[in-house]
Structures are given as structure tokens and as C-alpha cells.
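Visitor: I'd like to learn how to read a few features of a model like this one. Could we take them one at a time?

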Amino acid sequence: MTTRIQRRTLLSGFASAALASCTRGAGSREGITVVSYGAGTYQESHRNAFLTPFTEQTQIATTSAVWNAEYGRLRTMVETGDVGWDVVDVTAAQLARGKRDGILERINPLPETAGFLPGTIDEFGVGNVYWATVLAFDSNASGPKPQSWADFFDIRSFPGARALYDDPRANIEFALLASGVPKAELYPLTDDKVAEAFRRLSRIRDEVRVWWSDGSQPVQLLMTGQVAMSSAWNGRIFASPEAAARLRYPWNGAALELDYWVIPRGSRHASEAAQFISFASNPDRVATQVAAIGYGPANTNTLELLPENVRSSLPTYAQNFNVAFVVDPASWEEREDELRTRWVSWRTTGRP
């Protein structure tokens, strides 16, 4: 069983380890490229929990790469026949779009389904972890502490610079929550709701000093006092002992999303990729990742391998899950391209 001491030791080892981009074993066969969101702690959690031990067990080399979830990039790669990736970490909405657009391979064989939450395993994608975008602040800073997205959007009662992720996904929902829309009524994302979200976002646009794109940024901004509050990925705070000791975030209104492993159509190593996905779905391996990054496993058998103080920090812990909301993949599958275009326009000109 992973203990808090073991987790801190593991994190210390991550911080000091050289971040080699390719893992090879003696006599390795031709390798696979595994792509995840963003460099840093999350990529390290994949490397240490999955890639390195997979190579040690199978002698199949693994290369770790990152992307920023640009669906068009993945689709273009497949449509042009220039597929350099074998396993990709995607959102639930991107899984749905990939199936619709025919750019994904069936995973054969699929992992054992025991322990997986309903809907987290599909012939084209296998769930890995739920991650959360939360409202974070420095508990040591002076002034009132925000406890909801209504507080975040209230610049009079909660003054100070803000930071937000540079993406419409979840920010649209946060703005609606701040406008008083109950979480149960966030979806579907109708035109009226989207218009209200952009109006609400426009009220704080000048207070948002940083539009971040890498998960390490909000932690650094908060720890150095450059902003008073920020959206953040909960795992980036969890993974840093210093940040975890100072930064706080209410689970109220947190946006939860499930990542899936998929194989792009045209992968030259689809068999090895499926083998990797099965390996990475083993509860023991997922427990190693979760203990490092603090995201909620899709395979609930993993929870039995974690101590209570880790379980209670996860997005899928009952008390946290019940006050958060799950981003609706159907709404974003339908409107993601349109809303990204409008987001870029709004960020550039102030008009969505």
C-alpha cells in the first residue's frame, strides 16, 4: 500500500530524475510513442507509472510526447497518413469526435473490464483518470478567500489579479455558475447560455492578467503572488508538497473530465499500443500514477490500493465528486470547434 511518506519520496525522486524522452530496454523491439497533456508532473506520472515499467516488462521501447489537445492536429495527422503517434491521451469529447470522424483504431484486445466505472471503457477508448479544474488561491495571502466561481467573478468583493486557462472548455461553465445557473442545468450549451457566459467573462477580462496554457503556470503564479486566484488542475497542486501546503481549492463547482487512451487510425504499432493500454489499465500501475498526480482513477479497484488521505484528495472521492460537475462530452463534441473560434476572437478583440 502506498503511504504518504512513500508518495513524498516518489515525488522527490520525480523532481530530481533526468527527464529522458525515450525509454529503452536491452534488445528493445521497435517502440511506440505515447502522447499526453503537457510537460511536467503529469507527463512524469505517465513515464514512471506506465512507460518505464512497460518497457522493462515487454522490451518494447516507449517515447513520451506531449500535446495541447488540439483535435484538429490529430485529425490532420490521420487524414494525411502521417501518423507518428501510437497512444494518445484525449478527452471524452475528443473520443466521441474521433469515433464520429473515423480517425481511431479499435483497441484489440481491450483490457479486463473489472472495476471500471460505467462508460469508461469503449472499443475505441479506455478511461484512465478523472482530472479536475478547480478555483485555487493562496491560503497565506491577505484578503477574503474565494469559495465559489461567483466569488471569482466578483471583482469588487474579491479584488486582485486573476488567471484562467486559455480555452473555452470549463470557462464557459464557470461563467454560467457565476451567473447563477445550477450545475444540473449547465447543459446543453444553448446559444443563450453561451452568450451569457461571454458577457460574464467580459466583466472580468481586464482582471485576468495571465491566460495560462501549461499546468505548472497557475501554481507558480499563486506561489509567487502574481495573481490572487486562478483556475488550476488539481493534480498540479497535489503533486507539489510546497503548493499543497499553501494553496487551497474548494471542490464546489470543480470541472471534472475523464481522459481516455486511444490509438490513432494508421498507427504502425497498433498491436503494441493495445498492449500498452492494457498494461496502463492495471490497478497497480494506475495507483502509482494516482499517488503521484492526485487524479481519480476510472478503475475503482485502484482505490483499494491507496490510503484514505490520498483517496480523499481525488476528484472521484464521494464528497468531492458530489459538489463538482462532469464536463458534458456531447455538448463539447457538437460545439468545440465553433466555441474555440469564438474564444480566440473574444480573447483578441473582446467580441466573441
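Guide: At 9% relative accessibility, Asp138 counts as buried, where buried means under 20% relative accessible area, exposed over 50% and partly exposed in between (1.4 Å probe, protein chains only). This is a predicted model, so local features need pLDDT of at least 70 and side-chain atom pairs count only at pLDDT 80 or more, while totals for chains, interfaces and linings use all residues. Residues are numbered from 1 along each chain as its sequence is written, and side-chain values use heavy atoms, with hydrogens and water left out.

Visitor: Where is Asp138 found, and which residues does Asp138 touch?

Guide: Asp138 is in strand β6 (residues 125-138); helices (H or I, at least four residues) and strands (E, at least two) are DSSP runs, numbered from the N terminus. Contact means heavy atoms within 4.5 Å. Not counting residues up to four places away in sequence, Asp138 touches Lys145, Leu222, Ala228, Arg246 and Leu247.

Visitor: Which backbone nitrogen does the side chain of Asp138 reach?

Guide: That of Asn140, at 2.9 Å. A polar contact is a pair of N or O atoms within 3.5 Å; within protein, one must be able to donate a hydrogen and the other to accept it, and residues adjacent in sequence count only if both atoms are side-chain atoms. Asp122, in strand β5 (residues 121-122), has a side-chain polar atom 2.8 Å from the backbone nitrogen of Phe124.

Visitor: How are two packed helices described?

Guide: By the angle between their axes and the distance between the axes. The axes are lines fitted to C-alpha atoms, for helices over the stretch in contact, and angles run from 0 to 180 degrees between N-to-C directions. Helix α7 (residues 191-204) and helix α15 (residues 329-349) pack at about 25°, with axes 12 Å apart. That makes α7 roughly parallel to α15 (under 35 degrees is roughly parallel, over 145 roughly antiparallel, 65 to 115 roughly perpendicular and the rest oblique).

Visitor: Which residues in α7 and α15 meet?

Guide: Asp191, Val194, Phe198, Leu201 and Ser202 in α7 meet Arg335, Leu339, Arg342, Trp343 and Trp346 in α15. The residues of this contact divide into six nonpolar, one polar and three charged. Here Ala, Val, Leu, Ile, Met, Phe, Trp, Tyr, Cys and Pro count as nonpolar, Asp, Glu, Lys and Arg as charged, and the others, Gly among them, as polar.

Visitor: And what is the angle between α2 and α11?

Guide: Helix α2 (residues 41-58) packs against helix α11 (residues 270-280) at about 115°, with their axes 10 Å apart. The contact residues include Phe50 and Phe54 of α2 and Phe276 and Phe279 of α11. By class, this contact has eight nonpolar, three polar and one charged residues.

Visitor: What should I look for in the backbone itself?

Guide: Most residues other than glycine have a negative phi, and most peptide bonds are trans. Gln59, though not a glycine, has a positive phi of about 65°. Gln59 sits in the loop between α2 and β3 and, at 26% relative accessibility, counts as partly exposed. Ala69 also has a positive phi, about 60°, without being a glycine; at 4% relative accessibility, Ala69 counts as buried.

Visitor: Which residues does a cis peptide bond join?

Guide: One joins Asn108 and Pro109, with omega about 0°, and Pro109 is in the loop between α4 (92-101) and β5. Another joins Tyr187 and Pro188, again with omega about 0°. Pro188 lies in the loop between α6 (171-178) and α7.
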